[in-house]
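User: I'm new to this one. Can you walk me through it in short steps?

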Amino acid sequence: MKHRPVAVIAAVAALGLGLTACTSSSGGTAGNIQLVTAGTLTVCTNPPWPPMEYTDDSGNIVGFDIDLMQLVADKLGVKLAMVSSDFAQITSGAQMAAKKCDIGASSITITDDRKQAVNFSLPYFNANQALAVKADSGITGLADLKGKVLAVQDATTGATYANDHAQQYGYTVKTFEDGGVALNAILAGTAAGALIDNAIAYDFAHHNPTTTVAAEFQTG
């Protein structure tokens, strides 16, 4: 998303160590590449996940993944168009199958389950899952969350990791559709921590100095 190896996903019908990657569909052509809209590479993404993908003050979707997709569009000699989308609709391949976009690029972890629905590019970013908490909370890891609430974004690696360890550490997982809202739950006091990609967690802590990254987890 919201990658862990992160990659881009190409449709066939998005924090532990992992790969982020991206995806694709059919329509007009750019050389031998089939595009939904001729002359345009249309990319589905799921902001806000700064610095990977987020909306700037002018309302434009920007970030690391978007810069990378601009390089791909430039290589193809086409324009770039960004489409804000539900994360699960990207990783399931639904948006590409519906010809809403050619590629999904949104910090997407490469997993075996997702490989059943979409094709992945080569990975281009390694990211661990990270636990963001209030800086004065005294929380240093998942064991300190017993009896507390841990926020995650739905359909992400962080959500899977949190749910897999909830019984072991005795916390309650609270799921949000938006990663930014999950992190802001820490500031609102409705969650003691949030589990999310480390790049996003560190950026959040940088802009919100009352928070910090307590720990990182490798999920492979």
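Predicted model: local features only at pLDDT ≥ 70, side-chain atom pairs only at ≥ 80, totals over all residues.

User: Which residues of helix 7 are buried?
Analyst: Asn198, Ala199, Ile200 and Ala201 are buried, and so are Asp203, Phe204 and Ala205.

User: What do the buried residues of helix 7 pack against?
Analyst: Several elements. The strands are strand 9, strand 11 (125-126), strand 12, strand 15 and strand 16. Helix 6 (179-188) is also on the list.

User: Strand 12, strand 15 and strand 16 came up there. In what order do the strands of the open sheet run?
Analyst: The order is 14-13-15-12-16. That makes 5 strands in an open sheet, with mixed pairing.

User: Which strands stand at the edges?
Analyst: Strand 14 (172-176) and strand 16 (211-217). Each has a single partner strand, so one side of each has no neighbour in the sheet.

User: How many degrees does the twist average?
Analyst: From one strand to the next, the twist averages 30 degrees.

User: Do strand 12 and strand 16 run parallel or antiparallel?
Analyst: Antiparallel. Strand 12 (residues 129-134) is joined to strand 16 by 6 bridges. In that pairing, Lys134 stands opposite Thr211 of strand 16.

User: Which helix packs on the sheet?
Analyst: Helix 5, residues 157-169. Helix 5 touches strand 12, strand 13 (149-153), strand 14, strand 15 (193-197) and strand 16. The direction of helix 5 makes about 150 degrees with that of strand 13.

User: New topic. How many disulfides does the structure hold?
Analyst: The structure holds 1 disulfide. Cys44 and Cys101 form it, with their sulfur atoms 2.3 Å apart.

User: Is the link of Cys44 and Cys101 left-handed or right-handed?
Analyst: Left-handed, with -110 degrees about the S-S bond.

User: What does the pair tie together?
Analyst: Parts that are 57 residues apart in sequence, because Cys44 lies in strand 5 (residues 40-45) while Cys101 lies in the loop between helix 3 (94-97) and strand 9 (103-109).

User: Is Cys44 buried or exposed? And Cys101?
Analyst: Cys44 is buried, at a relative accessible area of 0%. Cys101 is buried too, with 0% relative accessibility.

User: How many residues of strand 5 are buried?
Analyst: 6 of the 6, so strand 5 is largely enclosed by the rest of the structure. Both faces are covered. Thr40, Thr42 and Cys44 are buried on one side, and Leu41, Val43 and Thr45 on the other.

User: Which strand is joined to strand 5 by 6 bridges?
Analyst: Strand 8, residues 79-84, and the two run parallel. Cys44 stands opposite Val83 there.

User: In what sense do strand 5 and strand 9 pair?
Analyst: In the parallel sense, over 2 bridges. Here Cys44 stands opposite Gly104 in strand 9.

User: Last one. How many aromatic pairs are there?
Analyst: The count comes to 4 aromatic pairs. Ring pairs also link Phe64, Tyr124 and Phe125 into a cluster.

Technical notes:
Residues numbered from 1 in each chain as written. Heavy atoms only, no water. Disulfide = S-S within 2.5 Å. Helix = DSSP H or I, 4+ residues; strand = E, 2+ residues; numbered from the N terminus. Buried < 20%, exposed > 50% of the residue type's maximum accessible area, 1.4 Å probe, protein only. Pairing = 2+ DSSP bridges. Phe/Tyr/Trp six-rings, centres within 6.5 Å; stacked < 30°, edge-to-face > 60°. Axes fitted to C-alpha atoms, helices over the stretch in contact; angles between N-to-C directions. Contact = heavy atoms within 4.5 Å.
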